[in-house]
Amino acid sequence: MKLHYLSLLLLPAFLGCGDSISTVPVSGKVTKGGVPVSGVGVTLVGVEGTEAMGLRGSTNAEGVFTISAAGGMDGAPKGKYKVLLIPPVGQPDYSKMGPGGPKPAEKYPEKYTSLEKATDIFEVGDGPNVI
């Protein structure tokens, strides 16, 4: 599946962790128009019976992220997820003043930022998975 606005590449590989919870490492890259985007929060939200909370990461300067679970575990349990992006938060760029003030912060399409409007479902399983 190819995402036109932002591309996500999730590369999980199997790893057992803990006595009762098994997680799979999940990493990827966020780009816009082929250019890496830094400072983006990436959150996995379980769907279709997948129960997992607190799965998040943040992109670095190369647009690369790794998902971590609450409690310090790396990765996510196997299952189906919606991937949501949280745009970087920062100060307005006053150097790009135009009519009406500074350039507004960029908004991402709601299919990447709204749980209700996100339609793509990504399955985390025995790796590697490329989405």
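1. T59 sits in the loop between β5 (55-58) and β6 (64-66). This is a predicted model. Is T59 buried or exposed? Its relative accessibility is 7%, so T59 counts as buried; the cut-off for buried is under 20%.

2. Look next at the polar contacts of T59. A polar atom of its side chain lies 2.9 Å from the backbone nitrogen of G39. The T59 side chain also reaches the backbone nitrogen of V40, at 2.8 Å.

3. Which residues does T59 touch, not counting those up to four places away in sequence? They are V30, V37, S38, G39, V40, V42, V64 and F65. One of these, V42, stands opposite L85 in β7.

4. Now follow β7, residues 79-86. Of its 8 residues, 6 are buried, and the strand is mostly covered. Strand β4 (residues 41-47) runs antiparallel to β7, and 7 bridges join them. Strand β10 (residues 122-124) also pairs with β7 in the antiparallel sense, over 3 bridges. In that pairing, G79 stands opposite V124. As a general point, side chains in a regular strand alternate between the two faces of the sheet.

5. T113 belongs to helix α1 (residues 110-113). Its relative accessible area is 31%, so T113 is partly exposed. Leaving aside neighbours within four places in sequence, T113 is in contact with L84, L85, P87 and Y108.

6. How far apart are the C-alpha atoms of T113 and V83? They are separated by 8.5 Å, while the two residues are 30 residues apart along the chain.

Definitions and conventions: Residues numbered from 1 in each chain as written. Predicted model: local features only at pLDDT ≥ 70, side-chain atom pairs only at ≥ 80, totals over all residues. Heavy atoms only, no water. Buried < 20%, exposed > 50% of the residue type's maximum accessible area, 1.4 Å probe, protein only. Helix = DSSP H or I, 4+ residues; strand = E, 2+ residues; numbered from the N terminus. Pairing = 2+ DSSP bridges. Contact = heavy atoms within 4.5 Å. Polar contact = N/O pair within 3.5 Å; in protein donor to acceptor, adjacent residues only side chain to side chain.
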